Amino acid sequence: MGKGRKPVPITRRSKKSEKGVKRKRESAGGDGSRKVAHNWWGCASVVDKQAANVVGKVLGAAERKSRGVNIKSLTLADGMRAKKATHAVVCQTLKFLPVLRQIVEAVGLLEDNPKLRPALAYVLAYEILIGQGCRPEGPAERAVLQAKDALQDKLQQHLSAAGVESIQDLVPDAHAGKDRHRYARVNLLKASVKSVAKKLKKDFTFEVDEMLPDVLKFPPGTTLHNHALVENGSLMLQGYGSCMCARALAPGNDWHVLDACAAPGNKTTHLASVMGGKGAILALDKDANRLQRLAGNVKLAGAKNVEFKQMDFLSLDPEDDEFGPVDGILLDPSCSGSGTAASRMDHLLPVTGDGDGDRISRLADFQASALEHAMRFPQVRRIVYSTCSIHAMENEEVVKRVLPFAQEKGFKLTDPFPAWHRRGLPLLKESKKLVRTDPDEDAMDGFFLAMFERKIEQTKPPAAKAADAETKPKRKKKTKKKM
């Protein structure tokens with residue numbers, strides 16, 4: 001809005017005007033995803049600029065109805081500055097987006113300023129109406145500040161119409177509830193629990209977990225991302241349920257372990273830590289980008305007993321001699337991620353209108369196939385199956401589906417954590433041997449774990465037997481002495 005221009009009337013726009021706004025926004029990629037080259041105005045604030053980039057990606061993904069957008073990963077990515085502040089602005093902007101979008105459109109902010117990116121308009125509107133405010137240091141900030149009075153007047157109209165006093169009452173937080181504790185795992189390849197605890201106790205309140213002795217529990221809201229122990233790989237930020245997996249498998253330091261769907265590598269490096277860097281771990285993932293991230297985590301952890309390959313677990317031949325020595329398999333396949341929705345801030349993502357029933361059913365089919373495939377490895381004696389889902393279809397029902405095949409292969413369900421208080425849903429006779437965590441009741445991410453075990457006579461594969469025969473020294477025949 002330039003000088004001399006009349007104040008923007010705070011009235012409902014005509015259908016013709018709204019069509020014009022829609023056309024302009026579509027040319028800019030809807031809510032911020034760039035479809036054509038556009039000379040957008042810059043933003044002087046680093047935090048608001050970064051937040052707008054994240055909000056644009058989130059809204060662009062919603063328009064395309066694509067999944068896999070993770071607010072936490074975007075805001076905490078390498079290269080981001082002021083991560084905590086950026087994360088807060090992104091979450092608050094998305095939380096109040098339904099109201100912010102109505103107000104921004106009602107005052108004509110995007111129509112009057114075609115170089116103002118929609119996602120940045122929402123972020124700056126949040127700053128002015130609810131947040132820390134903004135300074136007129138960049139063209140985007142100046143444009144929004146010129147509309148400050150109109151934005152505030154429109155907000156008051158919304159509040160009056162709804163009969164409430166605060167914008168908080170217009171957008172109740174669907175996930176307001178018990179805050180979740182923060183967990184971190186000591187990497188025993190680089191440090192001891194005692195040495196890490198000694199360094200942390202000066203600045204943090206925490207306790208060492210009784211059931212998982214290398215896991216530390218911190219109060220909600222604790223921030224450790226930039227701590228030196230995290231940056232040097234001595235302390236790994238990892239959810240409690242995720243930390244259960246390696247401890248449940250409990251591999252010996254001479255075991256050969258297969259991590260079937262390994263990226264990003266938290267469980268892989270935990271296995272290496274539990275094994276003391278000995279034995280051998282083969283970590284697989286079929287996605288090249290995710291495998292690259294796994295490689296970085298393995299290097300940071302100093303896990304020298306880990307080999308990783310870009311490979312689909314289901315494509316492996318269990319009868320191949322290469323996999324004859326496999327003693328244990330950790331299977332944490334793709335899942336809905338419903339148990340980590342709150343910590344990933346998924347409740348802030350725009351709803352696409354797609355039903356999840358078919359998707360979860362397809363995931364469950366894949367999970368059951370992968371679990372049966374793991375049971376085909378001839379020498380495997382222990383398998384841990386886990387998901388970060390709260391849906392029975394991906395958890396108890398998958399276990400129930402594969403039980404007949406498991407019994408045929410000599411496996412039985414065993415309880416890896418008798419002291420744990422929360423058990424599987426009573427959908428099968430052995431549900432008490434299954435492990436669950438509840439996002440609300442346990443104040444942590446939702447997780448599911450089942451362990452299959454069998455007693456097996458460990459025999460060497462034919463190739464190894466042949467090699468032993470060749471290297472085994474021949475015994476000389478005794479000859480009788482002549483009398």
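The questions and answers below concern charged residues and their partners.

Me: What kind of model is this, and how are residues numbered?

Reply: Residues are numbered from 1 along each chain as its sequence is written, and side-chain values use heavy atoms, with hydrogens and water left out. Local features need pLDDT of at least 70, side-chain atom pairs count only at pLDDT 80 or more, totals for chains, interfaces and linings use all residues, and the model is predicted.

Me: How many salt bridges are there?

Reply: Side chains of opposite charge can pair when their charged atoms come close. A salt bridge here is a side-chain nitrogen of Lys or Arg within 4 Å of a carboxyl oxygen of Asp or Glu. By this rule the count is 12.

Me: Which side chain meets R401 in a salt bridge?

Reply: The N to O distance of this salt bridge is 3.0 Å, and the partner of R401 is D365. R401 lies in helix α16 and D365 in helix α15 (residues 357-374), so the pair ties together parts 36 residues apart in sequence. Helices (H or I, at least four residues) and strands (E, at least two) are DSSP runs, numbered from the N terminus. R401 has 46% relative accessibility, and the residue asked for, at 35%, is D365.

Me: How far from E394 is the nearest side chain of opposite charge?

Reply: E394 is found in the loop between β9 (382-387) and α16 (396-408). A polar contact of 3.0 Å joins its side chain to that of Q367; such a contact is a pair of N or O atoms within 3.5 Å, where within protein one must be able to donate a hydrogen and the other to accept it, and residues adjacent in sequence count only if both atoms are side-chain atoms. E394 is buried yet has no salt bridge, and the nearest side chain of opposite charge, R359, lies at 6.9 Å.

Me: What is the relative accessible area of E319?

Reply: E319 is placed in the loop between β7 (306-310) and β8 (326-331). E319 is exposed, with a relative accessible area of 55%.

Terms used: Buried means under 20% relative accessible area, exposed over 50%, partly exposed in between (1.4 Å probe, protein chains only). Lys and Arg count as positive and Asp and Glu as negative; His and the chain ends are not counted.
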